[in-house]
Each structure stands twice: as C-alpha cells, then as structure tokens.
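Here is a short report on one protein. Look at the structure first, then read on.

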Amino acid sequence: MNVRSGTAVSPGTETSTDVESAFARWLTPLVTADGSGSGGGSGSDSRGGSGVDGCVALRQFGYVRMLTCEARSLRLVRGPRATVPGSEDAVALLVPRAGTVRVVQDGRGVSVAPGASTLVDLRRAFSVELQQEHEQEREHGRGHGHGHGGLARALILRLPLHALHVPSAPLPSLTARALPPSALSTTLLPALLRHLEASAPQTSAPVGERLGGLVTDLVAGLVEDLAEDTEGPPEDDRHPLLVAIRQYIDRHLGDPDLSAEQIAAAHLISVRYLHRLFEAEGVTVGRLIQRQRVERCAGELARRGRSSPSIAVVAARWGFRSPAHFSRAFKSVYGHPPQQWRRMAMAGAVDAAGARP
C-alpha cells in the first residue's frame, strides 16, 4: 500500500495537472483502492501514474487551504491505515461548482450537486468521486454515451481541527451528509468563497490570513449548529461528557479564571452546547462553580483552632477575586455573611453544611 505524505505549502497560489498527486500533497495522504502500491492516489486507475484529465489549484489563506479542482472524473481514496505520524488533523468542506461530488464515509454515502455541500473528516477512511454531468446521465440511462460535456468542478476547503475547535464526538454524525443551501445561506460563507476564488491571486498574505480566519469562524459556526441539531442535551447526569466536565470543575475550582469559555475549550465543545448540557441540571455553569466554591470555603471556615486561615485567604484559595464578591456569594448560599457564619460555626450553632444541629 502506497501512502502519500502531506507536505507544507507556502502562502499563495499553486497549480498542478498531476491532480491525484496534488491532492495527496495538499489535502491528505491518499492510497490506492486496491493496495497495489501504484502511488497514484486514485481508486479508479490501478495502472499507476495520473490518468486524470484536469487540474487542481491551491490557494492558501493562513492555515486554510482552498483547492479548486477541474476534471472529467476523479476518485480519491483514503484508506483506514493511511496515517502519517505527525500529520495534522483536519476536516474538509466540499462545495461542487459543476457536476456532482460523491462522498462515502462512516458507513454513509451521499451525492451533492451545486448549491449543496458536504463535510469529510480527513483523519479517517473515505472516498470522494467527482463526476461531470453527462456521466451521471449515462449511469442512469438518460445519456447516449457520446459527447464530452463540461468538466466537473469542485471547491474543497481544508481546515485544521485545532482552528475550528470542533468537538470530535459529533463529527461522525455530520460527515457524508448533504448540507442544503439553507445551511450556508444564513452566513456570509458562499459570498466569501466566491470572492476568494476570484481574487486569490491578487490577495496579499496578511489579507489572506485574515480572510482565512473569517472563513474558519463561519465554517465553525456552521458545524456547531449542525452538531447541536444532531446531538441535543443528554438525558441525565450519567452522560460521560457531563461527568468529565463536573470532574474538571472540581479540579479547577481554585482557578479564578475558571469560566464557561475555559471549560468548553478544554472539552472541545461550544459554550452554547455546554449550557445545553446543564439545562437538565437546573443550574447554570456559573452558579454551579460559585456554589461549589462557597461550599469549599464553608468547610474551611468551620475548622476550629488557632491554625484556621483568615477569611480572605480562604476566599482567594477557592477562586474569589475580591472579599466583597465572596461575602455576597456566601450570604446568598448560607444566609449570613462569612464572618457571622464562622462565629456561629465555632459556637456549634451550625455545621459545615450550614445546617443547625
């Protein structure tokens, strides 16, 4: 089995008529479908070399690679073992411009035509087939097997996962599914992609990097919305992600910067999805953090003895930035300011949980 290793490219524009080799270098490592080791990267031609009549252009905008391919027909295959150590994790958004794109991944197959699009996880096995229109008609018996027709054309955006902040869990439910025009029409993405296609050769590297960041944000928003539609909140607190998040909060209660944004980033989910996870809990993430901090402080303040730390030290230890904020938060939970509650605890009027004995 021949594996093509990906290589880094410089910002700007490159073109190649060795279509299969260009995809292997610019998109993801590819293998022959029959494992013959021809190195062509296409499952449709086991004779070796590139038998594809077409070309592919690479435009780089920061860490976003935009590949525009024109060919009469093309089939690319990534096998389950086509992994190169240290290769970058990435996803691809496929947008047909002429003809159709057929994608198979995660046990599903879909054909998308101009106006729609589809996602591919470049870390796992897939096949992508680009077909011009007259070949589709011939397959369905509508053509007569002659005529050349126009070249099929597709736009492929390659985006690294670390830039998208896409949670890995919902990706298998999103790949090889047709994303209708309505999924894209709510954003500026279609217009931006057409602008990039037309103006890429004249775009400077700094401007291109900023445009790449904008594309990344728009695609991330699209994926986030689709993931939330397919996943939904968990049924109960036995959801493994919710358990992991609770454990993370427990470990980081003393960090004054602990926030919903930090928790979401640490678990590769969106802040919006994090809040949906806690809907069934009857408490927001922020209130959960504050209550747990107050309870930890109460436990320390209830200790008897000369070595008991001061209220300010206890508050700072559990992530409160100011004594005033701590006093308000403490009173909202226990009904008394921390100084009064501590005196009551020392006198045995309340226990560490705030209950009267």
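## Around Leu27

Leaving aside neighbours within four places in sequence, Leu27 is in contact with Ala22, Leu67, Ala92, Leu122, Ile156 and Arg158. Contact means heavy atoms within 4.5 Å. This is a predicted model: local features need pLDDT of at least 70, side-chain atom pairs count only at pLDDT 80 or more, and totals for chains, interfaces and linings use all residues. Residues are numbered from 1 along each chain as its sequence is written, and side-chain values use heavy atoms, with hydrogens and water left out.

Where is Leu27 placed? Leu27 sits in the loop between helix H1 (19-26) and strand S2 (54-61). Helices (H or I, at least four residues) and strands (E, at least two) are DSSP runs, numbered from the N terminus. Leu27 is buried, with a relative accessible area of 7%. Buried means under 20% relative accessible area, exposed over 50%, and partly exposed in between (1.4 Å probe, protein chains only). Leu67 lies 40 residues from Leu27 along the chain, and their C-alpha atoms are separated by 8.1 Å.

## The whole protein

The protein has 14 helices and ten strands. Of its 357 residues, 45% are buried. Take the contacts between residues at least 6 apart in sequence: 68% of them join residues at least 24 apart.

## Two cores

A nonpolar core is a set of buried Ala, Val, Leu, Ile, Met, Phe, Trp, Tyr and Cys residues joined through side-chain atoms within 4.5 Å. The largest one has 33 residues, and Ile249, Ile263, Leu274 and Phe278 touch the most other members. Helices H8 (240-251), H9 (260-266), H10 (271-277), H11 (285-301), H12 (311-317), H13 (323-334) and H14 (338-346) each supply at least two residues of this core. H11 gives the largest share, seven residues.

A second, separate core has 32 residues, including Val19, Ala24, Val52 and Ala71.

## H8 against H11

The axes of H8 and H11 come within 10 Å and cross at roughly 45°. H8 is therefore oblique to H11. Axes are lines fitted to C-alpha atoms, for helices over the stretch in contact, and angles run from 0 to 180 degrees between N-to-C directions. Angles under 35 degrees count as roughly parallel, over 145 as roughly antiparallel, 65 to 115 as roughly perpendicular and the rest as oblique.

Which residues meet here? Arg246, Ile249 and Asp250 in H8 meet Leu288, Ile289, Gln292 and Arg296 in H11.
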